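Visitor: Could you walk me through this structure, one question at a time?

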Amino acid sequence: MDWLELIYGFFMANLLGYGGGPSSIPLMYQEIVPHYGWLTDEQFSNMLALGNALPGPIATKIAAYVGYDVYGWLGLIVALLATVLPSAAALIILLEVMQKYKQSPVVKGMTLLVQPVIAVMMAVLTWTMAKGPADSIGIWQTLLIAAIAFWAIKRLKLHPALVILAAFVYGGLVLRYTV
C-alpha cells in the first residue's frame with residue numbers, strides 16, 4: 001500500500017465531488033471499496049453510518065478513518081490533506097470566477113444542470129448500500145426501517161444522528177436474534 005494511492009484516491013474523489021461532502025461520497029466509495037479495496041461494502045456502510053452520527057463534515061471523517069485504517073497516522077494526515085486541499089483551492093478559484101461572471105447564463109446553467117447528476121450518484125450509492133441489509137434482514141424489514149427513518153427525519157424533524165442511534169439500538173436489541 002503506497003501513501004500516494006491515498007493522495008490520488010481522495011484527491012480525485014474530492015476534486016470531482018461537486019456539491020460538497022455528500023456528493024463526494026459516491027466518488028469516495030468508488031475509490032475506497034471497488035478500486036483499492038481498502039474497505040468492504042459492509043465496512044464502508046458502517047463507517048458512513050457512524051460518521052453521519054458524529055459532528056463535522058462527512059468527507060473529512062471518511063478520509064481520516066480510511067487513511068488511518070490503511071496507513072496509520074501518516075495515512076490519516078495524507079488522506080485529510082488530499083480531501084481538504086482540492087476543495088479549498090477550488091472554492092477560492094471558483095468563487096472568484098463565479099463572482100465575476102455571476103450573471104452569465106453559462107455559469108447559471110452549469111450550476112443547475114449538474115444537480116441531477118449528483119442526485120443520480122446518490123441514488124446509485126443508496127441502492128448499492130441497501131443491498132447488504134436487504135440480503136441480511138430481508139427487503140421488507142429494510143424498506144420498513146428506511147421508511148421509518150425517512151418519516152422521523154422529514155416529518156418529526158429528528159436529527160439524523162438520533163435516527164442512526166435508534167437504528168443501532170434496534171439492531172443491537174432486536175435483530176441480534178434474526179441475523
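Visitor: Which word describes how α3 and α8 lie to each other?
Guide: This is a predicted model, where local features need pLDDT of at least 70, side-chain atom pairs count only at pLDDT 80 or more, and totals for chains, interfaces and linings use all residues. Residues are numbered from 1 along each chain as its sequence is written, and side-chain values use heavy atoms, with hydrogens and water left out. The axes of α3 and α8 cross at roughly 135° and come within 8 Å (axes are lines fitted to C-alpha atoms, for helices over the stretch in contact, and angles run from 0 to 180 degrees between N-to-C directions). Angles under 35 degrees count as roughly parallel, over 145 as roughly antiparallel, 65 to 115 as roughly perpendicular and the rest as oblique, so α3 and α8 are oblique.

Visitor: Which residues of α8 does α3 meet?
Guide: Contact means heavy atoms within 4.5 Å. From α3 come Ala-49, Leu-50, Asn-52 and Ala-53. Their partners in α8 are Ala-161, Ile-164 and Phe-168.

Visitor: How many residues of the contact of α3 with α8 are nonpolar?
Guide: Ala, Val, Leu, Ile, Met, Phe, Trp, Tyr, Cys and Pro count as nonpolar, Asp, Glu, Lys and Arg as charged, and the others, Gly among them, as polar. In the contact of α3 with α8, no residue is charged and one is polar. The nonpolar residues number six.

Visitor: Is the crossing of α3 and α8 left-handed or right-handed?
Guide: A crossing is left-handed if the near helix is turned anticlockwise from the far one by less than a right angle, and right-handed if clockwise. α1 passes α4 in a right-handed crossing. The crossing of α3 and α8 is left-handed.

Visitor: How many helices does the chain have?
Guide: Helices (H or I, at least four residues) and strands (E, at least two) are DSSP runs, numbered from the N terminus. The chain has zero strands. Its helices number eight.

Visitor: How far apart are the axes of α5 and α6?
Guide: Helix α5 covers residues 105–113, and helix α6 covers residues 115–137. They pack at an angle of about 15°, which makes α5 roughly parallel to α6. The distance between their axes is 5 Å.

Visitor: How many nonpolar residues line the largest pocket?
Guide: A pocket is an open set of points on a 1 Å grid over the protein atoms alone, where a 1.4 Å probe fits, with protein on both sides within 12 Å along at least five of seven lines; lining residues have an atom within 4 Å of a point. The largest pocket is lined by 50 residues. Twelve of the lining residues are polar and four charged. The nonpolar ones number 34.
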